[in-house]
Each structure stands twice: as C-alpha cells, then as structure tokens.
Amino acid sequence: MAARYTPKFQYVLTDKLTGRFPKIDPSPINEKQLTDSLGETYIFDDRDNPNLKLGYYNAVYKHIAEFEPFYLS
C-alpha cells in the first residue's frame with residue numbers, strides 16, 4: 001500500500017478586498033464566481049507553487065478580484 005502524502009502546508013486564494021475565494025466551477029465556461037465556503041474552493045498544498053497560482057487566478061479574475069494566499073496549515 002502506498003503511503004499517503006502529508007502536505008507541509010495548505011493554502012487557499014482569498015480576494016484582498018472581500019476575503020472571498022474563487023469558486024470551483026466544473027463547467028467549460030468559467031463563470032468567475034466567488035464563494036465564502038472553503039468547501040467550494042480549491043485547497044492547494046506545497047506541491048502547488050503559490051506564485052504561479054496567484055499569477056494565473058489574478059489574470060483570470062482581472063477586474064473582478066485580486067487574490068493573495070491564505071495559509072491554512
């Protein structure tokens with residue numbers, strides 16, 4: 001049995017102004033919605049580069065939200 005990976009840290013992206021998170025949207029056309037629920041957003045860990053995630057989401061949500069990482073652990 002393979003060992004389960006234990007992340008060194010986890011983080012979400014939070015909007016600097018509202019504190020809201022980018023909502024998971026499984027549709028092919030991203031609606032660029034925000035949510036207040038951690039259960040409806042992506043939780044990243046140390047395998048995901050925070051700077052790359054910030055650059056991507058800040059570009060996708062341009063003029064809607066500007067994100068910063070919020071570390072959960």
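Predicted model: local features only at pLDDT ≥ 70, side-chain atom pairs only at ≥ 80, totals over all residues.
## Ground rules

Local features need pLDDT of at least 70 and side-chain atom pairs pLDDT 80 or more, while totals for chains, interfaces and linings use all residues. Residues are numbered from 1 along each chain as its sequence is written, and side-chain values use heavy atoms, with hydrogens and water left out.

## Helix H1

Let's start with H1, which spans residues 50–60 (helices are DSSP runs of H or I with at least four residues, strands are runs of E with at least two, and both are numbered from the N terminus). Pro50, Leu54 and Tyr57 are its buried residues here (buried is under 20% relative accessible area, exposed over 50%, partly exposed in between, with a 1.4 Å probe and protein chains only). They sit on the same side of H1, because their arc around the axis is only 80° (taken from the directions from the helix axis to the C-beta atoms). An α-helix has 3.6 residues a turn, so residues three or four places apart point the same way.

On the face turned away from that side you'll find the exposed Asn51, Leu52, Tyr56 and Ala59. The cover over the buried residues includes strands S1, S2 (21–22), S4 (44–45) and S5 (67–71) (contact means heavy atoms within 4.5 Å).

Asn49 caps the N-terminal end of H1, with a side-chain oxygen 2.7 Å from the backbone nitrogen of Asn51. Further along, Asn58 also lies in H1 and is partly exposed at 23% relative accessible area.

The side chain of Asn58 reaches the backbone nitrogen of Phe67 at 2.6 Å (a polar contact is an N or O pair within 3.5 Å; within protein, one atom must be able to donate a hydrogen and the other to accept it, and residues adjacent in sequence count only if both atoms are side-chain atoms). Leaving out residues up to four places away in sequence, Asn58 touches Ala65, Glu66 and Phe67.

## A buried aspartate

Asp15 belongs to S1, residues 10–15. Beyond four places in sequence, Asp15 contacts Arg20, Ala65, Glu66 and Phe67.

## Aromatic cluster

Phe9, Tyr11, Tyr42, Phe44, Tyr56, Tyr57, Tyr61, Phe67 and Tyr71 make up one aromatic cluster (ring centres of Phe, Tyr and Trp, with its six-membered ring, pair within 6.5 Å; planes under 30 degrees apart are stacked, over 60 edge-to-face, the rest tilted). The count is 11 aromatic pairs. Phe9 and Tyr11 are tilted, because their planes meet at 35° with centres 6.2 Å apart. Tyr61 and Phe67 pair edge-to-face, at 5.2 Å and 85°, and both are buried.
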